[in-house]
Amino acid sequence: FALAALATRYIAEGDVSASELLMVSFTRAATNELRAKVRDRLVEAADHLAHRWSEPVDDPLLDQLASHDREGRLRRLRRAITEFDSATVTTIHGFATQMRTALGAAAGADPILRLADDSTELIAEACADTLTCAALEGYPVGVLPTPYALRQATRVAAEQPDLDLVPKSGQSGATEAQQILVELVDRSVRAVAERRRQLGTLSFDDVLSQLRDALYSPGGVGAVEALRGRFRVALIDEFQDTDRVQWDIFSKLFDHPGSDTVLVLVGDPKQSIYSFRGADVHTYLKAVGDDHTARRSLVTNWRSDGAMLDGLAALLDGATFGDADIPFVPVTATRAHRDRRLVDADGSALPALSLRLAIGDEILRHKKNYDLVITASAQEAIDADLV
């Protein structure tokens, strides 16, 4: 909703053409939905301006557009609708692929290589070979990682090429098993890369890394200027899922002195603590923590009923999330949802918020701080309760 409104205003009020608009989300489904909603909003705004409604409507965006320069804004909206296919609305990997192809050799692009989402199979093969070789080389079997543990660690390292693996060899306090795991992960990541070269394939993460490296290389100045000149507005959705390589790309292009591109990041910092999805909370906080960044909060929830939001606000007031102590920010329901309630088959209102507590002495707690529970033990209790 917010992104569609922003795109419409930039086009109508800022005279930004469709081809100068970049909108990035992080899944194909979200991207398709975003494209449809932006186009629908453009059409809706153009229809409103064309009919010259005299009375205000219950839509701040339409009232804003109708308040000034109606003819000019209508003309710009109609042009954008006609040219909407030229707008770049894509996933982060789609954007990187397009830019890498456009830059050609400057981005290290090899036209022979093909994109392939083959990570799971390649990682499994590389890790099996790595473990076998380690056993044959005389590594103590008792401290070798399990195949599953090695695959999981290798996947994380392969998907985040800048990750600093620790402990280092000989690091004080590190166990033999920990040091061997790091060594085998490094060998497995290199084995995956070698298999890709032999197969003539690239992973999606390879594309991102190659584009980033090209933009930061001594010969990348021209490429950066070319891409900056192409887009006047860049709207990045679901920014909490952005990792360090992705932010390196966006910041180099659009968050840099001399860039005339407006960069808008939309994301929920609470969600960036979920590292299992590839999110990087530290990247998020670094991106939005710059002195020149203007921060705004989206305080209206367009989906949930008011009673549930009130219940969550009461429950989570004062709560923080993750190591970065991200605060809870309460939101309000729309007027249409303020008094609406979900009901059961009999028409009775369902509880706005239900809590189930997994409690008991069998849930292990930290010895030094009894208020903190052991995560794995709590997870087992929750699973048992759910079943």
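## A look around the predicted chain

L353 counts as partly exposed, since its relative accessibility is 34% (buried is under 20% relative accessible area, exposed is over 50%, and partly exposed is what sits in between, using a 1.4 Å probe and protein chains only). The model is predicted: local features need pLDDT of at least 70 and side-chain atom pairs count only at pLDDT 80 or more, while totals for chains, interfaces and linings use all residues. Residues are numbered from 1 along each chain as its sequence is written, and side-chain values use heavy atoms, with hydrogens and water left out.

Back to L353: you'll find it in the loop that runs between strand 10 (332-333) and helix 14 (375-386). Helices here are DSSP runs of H or I with at least four residues, strands are runs of E with at least two, and both are numbered from the N terminus.

Now the whole chain. It has 14 helices and 10 strands, and its C-alpha trace spans about 85 × 60 × 40 Å along the principal axes. Of the 387 residues, 37% are buried. The accessible surface comes to about 22800 Å², with 53% of that belonging to carbon and sulfur atoms; these areas come from the Shrake-Rupley method with a 1.4 Å probe, and for residues only the protein chains shown count as cover. Among contacts with a separation of 6 or more, 72% join residues 24 or more positions apart, where contact means heavy atoms within 4.5 Å.

Helix 1 (residues 2-14) has 13 residues and reaches 17 Å from its first C-alpha to its last, close to the 18 Å expected at 1.5 Å a residue. That expectation is 1.5 Å times one less than the number of residues. Its buried residues are L3, A4, A5, A7, T8, I11 and A12, and their cover includes strand 1 (21-25), helix 2 (28-51), helix 3 (60-66), helix 4 (70-82) and strand 5 (233-236).

Just after helix 1, D15 takes a positive phi of about 55°; D15 sits in the loop between helix 1 and strand 1. E238 has a positive phi too, about 50°, although it is not a glycine, and belongs to the loop between strand 5 and helix 11 (244-254). There is also a cis peptide bond, from V166 to P167, with omega near 5°. P167 lies in the loop between helix 7 (147-159) and helix 8 (176-199).

What about disulfides? A disulfide is a covalent bond between the sulfur atoms of two cysteines. The cut-off used here is a pair of cysteine sulfur atoms within 2.5 Å, and by this rule the count is zero. The sulfur of C127 is 12 Å from the closest cysteine sulfur, in C133, so it is too far for a bond. C133 is likewise in no disulfide, with the sulfur of C127 as its nearest, 12 Å away.

D59, in the loop between helix 2 and helix 3, is in contact with R41 and E44, leaving aside neighbours within four places in sequence. S119 is in helix 6 (residues 119-136) and touches R155 and R196, not counting residues up to four places away.

| Residue | Relative accessible area | Class |
|---|---|---|
| C127 | 2% | buried |
| D59 | 13% | buried |
| S119 | 17% | buried |
| E238 | 29% | partly exposed |
| D15 | 36% | partly exposed |
| C133 | 37% | partly exposed |
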